[in-house]
Amino acid sequence: MRRHIVSKLPVKAKAAFYLITACGLSYQANLLPFSSDSSVFQGVLRSSRAILTIGVTVADYKYCLYGLPKDSDEYRRLLSEVHLRSAKRMLKLCESNKGFYVKAGQFVSSLRQVPKEYSSILSSLQDQAVPCDFKVIKEAITNNLGHDLSEIFTWFNEQPIAAASIAQVHHAMLKDNQEVAVKVQYPGLDKRMKLDTRIMYFLSEFVAWCFPEYRFRSLVSEFTDAVSLELDFIQEARNTETMANNFKNNKFVRVPHIFWDLTTKQVLTMQFCRGKKVDDVEFLKGVRINPEKVAKVLVEVFAEMIFIHGFLHGDPHPGNILVSPEGQGGFSLVLLDHGICKKFDEEFRLEYCQLWKALILLDSKMIQHLCEQFGVGKYSRYFPIIFTGRTIDSKSGLGKGMFVEEQKKLKQDMKALRMEDISSFMESLPSNFLIILRTDELLRSIISKLGASKRLRLLTYGKYASFGLSPKLNPNSDSKLVVLCTRLIGNMQYIHLRIAVGVREFVLWMRFGKLKQRLSNFYRMMVGVGKGVLRVSHSVD
């Protein structure tokens, strides 16, 4: 009974809430540098929906869980139900408000730290986008490039080949017969972002006030920073060129060429590249490309970004990574949409390399030390779980499932973990970790669809973490001998890591696996044979 009451507030209460919200936001909107046109009204409407949705959701949590012990089965059952209802409300809000709200929903759905009910429900937003009317797009291109479309292009497809929450992409051909993809930002997004992100900050503070153990300001800040970067197509073009330069010698990677004379802050013109989404297994099998090999190359590419270059593509959902049957290696990965990219400083890159080596080897002392460096020392025991799916004292092999005893112990530990602990952990994490965690979650989903094992990702990360700890090369000044020695050092470090992993797993197999039982049986058998031989010899004597 209690779980259905809050979601059905009285009509009068809802109407009053809407009225108060609209009046307050109308006043706030007048303080913003907007003209009093329909965009202000739409902003107030979006904000009203958001505040009402969050208000109802907060009341739902407060009412349904009031007075229940947090360690009780009833509390956990009701909490899951409230999570599900709330996630559906958030989905409806994102679908109604569109734009940055869809982007925010996509951002939340890709985080492993949110309850599974939210990530599952909001994941449907990944492929939701309604294209903008072509007249608006045409006007935006003309205003940005200073010429009519007919003066620049031989033909221009009015139907977009891709549409997202902040822009859409059109296929066209230049006058010199070069095929291009033209990415056009929806007009007026700067103004919308100011109000929408302000409301998001307000709502995060409101939730934190109602539930002090829930603190989401760092996530809102990370989201706002990411979206701000995405709105600057000049910066995206620079990121694209940086990525192209980093992988210029990789036969499996293609990055579109940028046409700078046809690129502005709102319009990005790049080389048109053909391909299918990276997780389209049916297509891959149809053109006889091994999906597991694609997964292997994909993980290696992103491991190289993180551990070698320290420059990460932060939005690797399947629509941004295409597979083309063309390429020296039998296929190539086309990397698109470089709006969200993160440059790591050298200190962080090296420490993250060390962290992954420690995670692979379950070196608890090194993990503790590095987590203290990152400012999250008291949460170090959870890092192996988050990144590798193993506990700090795991007896299972790399990429293997946990033993039943480990699962039981982990479940008990998770029950003791409070929401304020999770919020504190997220608040304490350096911002670099948030984009890494989000990227890693998207990658895990893709390689799982491609049929690759969990062990592949872990060993690949360990391999490139070893390479990343080698001295950095300067191809313009380093001699061939220096290059050779550096690569040799990296390979030796990786061989050492693999040997250490192999030895550890063999020891665990001996202690906890079937081999121990077999050796024990063999020993008993040999003892029995020995006793039989002695009896025979005694009888002969």
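**Lysine 276 and its sheet**

I started at lysine 276, whose bridge partner in β9 is valine 323. I am working with a predicted model, where local features need pLDDT of at least 70, side-chain atom pairs count only at pLDDT 80 or more, and totals for chains, interfaces and linings use all residues. Residues are numbered from 1 along each chain as its sequence is written, and side-chain values use heavy atoms, with hydrogens and water left out.

Next I looked at the strands around that bridge. β7 and β9 (residues 321-324) run antiparallel and are joined by two bridges. They belong to an open sheet of four strands, ordered β5-β10-β9-β7, with mixed pairing. The edge strands, each pairing on one side only, are β5 (253-254) and β7 (276-277). For my own reference, strands pair if DSSP finds at least two bridges between them; strands (E, at least two residues) and helices (H or I, at least four) are DSSP runs numbered from the N terminus.

What packs on the sheet? I found helix α13 (residues 291-309) there, touching β5, β9 and β10 (332-335). Its direction makes about 45 degrees with that of β10. Such angles run from 0 to 180 degrees between N-to-C directions, with axes fitted to C-alpha atoms, for helices over the stretch in contact. Contact means heavy atoms within 4.5 Å.

**The core**

I then checked the largest nonpolar core, which has 141 residues. Phe307, Leu333, Tyr352, Trp356, Phe383 and Phe387 touch the most other members. α13 gives the largest share, eleven residues. A core here is a set of buried Ala, Val, Leu, Ile, Met, Phe, Trp, Tyr and Cys residues joined through side-chain atoms within 4.5 Å. Buried is under 20% relative accessible area, exposed over 50%, and partly exposed in between (1.4 Å probe, protein chains only).

Leucine 333 has contacts that include Val253, Val297, Val301 and Val323, leaving aside residues up to four places away in sequence.

**Helix α15**

I listed the buried residues of α15 (residues 364-374): Ile367, Leu370, Cys371 and Phe374. They fall within an arc of 105 degrees seen down the axis, so they line one face of the helix; the arc is taken from the directions from the axis to the C-beta atoms. Glycine 375 follows α15, with a positive phi near 85 degrees.

**Cysteines and one aspartate**

I searched the whole structure for disulfides (cysteine sulfur atoms within 2.5 Å) and found zero. Cysteine 64 is buried at 0% relative accessible area, and cysteine 210 is buried at 13%.

Last, I looked up aspartate 440, which sits in helix α19 (residues 431-449). Aspartate 440 is buried, at 4%, and touches Arg457 and Tyr461, not counting residues up to four places away in sequence.
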